[in-house]
Amino acid sequence: MSMPADSIGVARIAVFGRHGVLPEEAVLGQRFYISLDARLDLAPAGRSDDVAHTVSYADLTQIAVEIATERRFNLIEALAEAIASTILERFAPVEAITVRIDKPSAPVPAILDGVSVAITRHRGDRA
């Protein structure tokens, strides 16, 4: 089966979390931005105009916020993985999900706008 060309995107959800390897990051916390790109067939929703035939962007957002604010990860790679796997578990229509985590205040000894990771996971991928 080919990958759907359709997608639902949620851009730069701002959350406050305590993710990071350094002890100060666990204590002080910082802002993170999470972006989602869910790949699924949106033709049924487009034809029916019925939310039951799609995945709600509000539900996708809620999963990202809950995981990012209620759990703590040393690595933003692990945060992204937890979000991706949860979305694939909960929403059968989603064939693939890309999760991007931006960390604008990363403790890097350089002048930069931030760091980020992006992962893409497909239904049926093995962990």
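How many Å² does the accessible surface of the protein chain come to, and what share belongs to carbon and sulfur atoms? The accessible surface comes to about 7500 Å², of which 53% belongs to carbon and sulfur atoms, with areas taken from the Shrake-Rupley method and a 1.4 Å probe.

This is a predicted model, in which local features need pLDDT of at least 70 and side-chain atom pairs count only at pLDDT 80 or more, while totals for chains, interfaces and linings use all residues. Residues are numbered from 1 along each chain as its sequence is written, and side-chain values use heavy atoms, with hydrogens and water left out.

**View 1. The largest nonpolar core.** This core has 31 residues, and a nonpolar core is a set of buried Ala, Val, Leu, Ile, Met, Phe, Trp, Tyr and Cys residues joined through side-chain atoms within 4.5 Å. Buried means under 20% relative accessible area, with a 1.4 Å probe and protein chains only. Among the elements that give two or more residues to the core are β1 (7-17) and α4 (76-90), and α4 gives the most, with eight residues; helices (H or I, at least four residues) and strands (E, at least two) are DSSP runs, numbered from the N terminus.

**View 2. The surroundings of Leu 36.** Leaving aside neighbours within four places in sequence, Leu 36 is in contact (heavy atoms within 4.5 Å) with residues including Ile 8, Leu 60, Ile 83 and Ile 97.

**View 3. Lys 103 in strand β3.** Lys 103 has its place in strand β3 and is buried, with a relative accessible area of 9%. Leaving aside neighbours within four places in sequence, Lys 103 is in contact with residues including His 19, Glu 25, Phe 32 and Val 115.

Note on methods. Buried < 20%, exposed > 50% of the residue type's maximum accessible area, 1.4 Å probe, protein only.
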